[in-house]
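Colleague: Could we take a close look at a single part of this model?

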Amino acid sequence: DGTLRTNMRASAQLARYGVGSCAILLPETTGEAGLGVAKKVVALLGKANLGADISISIAAAASPDGTISSEQMILRLEQELAILRQAGGNGIRAIN
């Protein structure tokens, strides 16, 4: 948590999301910028001494024009994360 919080901009919201998962909400962020943040998170956690082996699965989505509701976005993100976990984790998927 501290590793991520100290490396995120002030408007980013970090929250626990289920068991062993977290969500990072990035208001007013494009899909491309969100993907960049996902890559940064992987790099930061890969360097952090967390005291345990972890896998990192990240799904990124954006709706800059507001056409995707929050509920739809969460459902799509959960579907993408399930695909990553079934493939063994350690991946990033972007939703356009």
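Which residue in β2 stands opposite Arg16?

Modeller: Cys22 stands opposite Arg16. This is a predicted model, where local features need pLDDT of at least 70, side-chain atom pairs count only at pLDDT 80 or more, and totals for chains, interfaces and linings use all residues. Residues are numbered from 1 along each chain as its sequence is written, and side-chain values use heavy atoms, without hydrogens and water.

Start with the strands. β1 and β2 run antiparallel and pair over 4 bridges (pairing takes at least two DSSP bridges; strands are DSSP E runs of at least two residues, helices H or I runs of at least four, numbered from the N terminus). Between the two strands of this hairpin lie 5 residues. Look at Gly18 there: its phi is positive, near 80°.

Now follow the chain to α3. This helix has 17 residues. The end C-alpha atoms of α3 are 24 Å apart, so the two values agree.

Next, go around the helix. Met73, Leu77, Glu80, Leu81 and Leu84 of α3 are buried (under 20% relative accessible area; exposed is over 50%, partly exposed in between, with a 1.4 Å probe and protein chains only). These five cover an arc of only 100° around the axis, so they sit on the same side of α3 (the arc uses directions from the helix axis to the C-beta atoms).

Notes. Expected span 1.5 Å × (residues − 1).
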